[in-house]
Amino acid sequence: MSALRIDIHQHVWPEPFLAALRARRSTPRLDGWILHTGGEPPYRVEPGDHSVSARAELAAADGIDLALVSLSSPLGIESLPADQARPLLDAYHEGVLALPRPFRAWAAAGLDDPDPAALRDVLVAGCVGLQLPANAIADEAGYERCGPLLTELERRDKPLFVHPGPDFEGAGGPSWWAAIVGYVGQMHAAWFAWHEYGAPRYPRLRVAFAMLAGLAPLHSDRIAARGGPDGLPGAGVFVETSSYGSGIVDAVAARLGADRIVLGSDRPYASPLSVGAGDRRLRIDNPATLLGPQFPARNP
């Protein structure tokens, strides 16, 4: 048996989810392959990016044994009214839970009326943990609202993945604005909100922040100068690498420790990072720790 090489952050839209997006008449919706959201300009989706067979071949070429698929939180589905979110979330879970190897999936949850029983069902069905939008847990009120979901997650010893959510404030800006400005700001806020509000409430919850938490861990000097929290986050806190190169990853690792960095590519939007001698820790050891002792760490 060989140890699993894991990418914790990919996006594949299976057929039931595509059909549900195309059935909508308001955002988020798909018109053919043109995506319309409330926070970003219309975007042409490449059909091949969501071909399950093509993406499985790409994962093999990337040296990935297990690709964890997540809902695209910038679509804003989690924040829709419950009666609108539910059909889309059901379609997403139906599709991703049926994906073949090398894919597994993060669960998603509606935030208008958080339902820990629905989360429990999809975790039991095979989801590896829960993804939440960063702007859903960026303050104390967010932790109050998401509390039932996080309590269920901690009770089941499953991890949380924090991913950028919709960038409504950047609507009307250039096409790159949300990913470079809005997403980074969200991840900063979510990182510090975790330290202030999340960690004290959920001390056993393992959590991974996308895109190196928007480089928030590098602000330790400014935090100290302005009276922010001292020290490193708890041992169960990780950041993933999506869209960043080895130099930036090394800088974050120097602050947090190399055992806190996990591979996340954000496929199909970026390719997996390779760091040479550190690849085993990035792709195998650290993701296995994030996913927990109940998760199979090796290929059969």
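Residues are numbered from 1 along each chain as its sequence is written, and side-chain values use heavy atoms, with hydrogens and water left out. Since the model is predicted, local features need pLDDT of at least 70 and side-chain atom pairs count only at pLDDT 80 or more, while totals for chains, interfaces and linings use all residues.

Let's start with the strands. Helices (H or I, at least four residues) and strands (E, at least two) are DSSP runs, numbered from the N terminus. Two strands pair if DSSP finds at least two bridges between them. Five strands form an open sheet with parallel pairing, in the order 7-8-9-10-11. Strand 7 (130-133) and strand 11 (261-262) sit at the edges with a single partner strand each, so one side of each has no neighbour in the sheet. Strand 11 runs parallel to strand 10 (residues 237-240), and two bridges join them; V239 has I261 in strand 11 as its bridge partner.

Strand 1 (residues 6-10) is largely enclosed by the rest of the structure, because five of its five residues are buried. Here, buried means under 20% relative accessible area, exposed means over 50%, and partly exposed is in between (1.4 Å probe, protein chains only). Strand 1 pairs with strand 5 (residues 66-69) in the parallel sense over three bridges, and I6 has L66 in strand 5 as its bridge partner.

Most residues other than glycine have a negative phi, and most peptide bonds are trans. The bond from T27 to P28 is cis, with omega near 0 degrees, and P28 lies in the loop between helix 1 (15-22) and strand 2 (29-31). The bond from R101 to P102 is cis too, with omega near 15 degrees. M211 is not a glycine, yet has a positive phi of about 45 degrees; M211 counts as buried at 10% relative accessibility. S243, also not a glycine, has a positive phi of about 80 degrees, but S243 counts as exposed at 58% relative accessibility.

Finally, the surface. W176, W177, I180 and V181 make a nonpolar patch of about 400 Å². Nonpolar side chains (Val, Leu, Ile, Met, Phe, Trp, Tyr) are joined within 5 Å, and like charges within 9 Å. Accessible areas come from the Shrake-Rupley method with a 1.4 Å probe; for residues, only the protein chains shown count as cover. I180 is in helix 6 (residues 177-201).

Methods
Patch = residues over 30% accessible without salt bridge, like charges linked within 9 Å, V, L, I, M, F, W, Y side chains within 5 Å. Salt bridge = Lys/Arg side-chain N within 4 Å of Asp/Glu carboxyl O.
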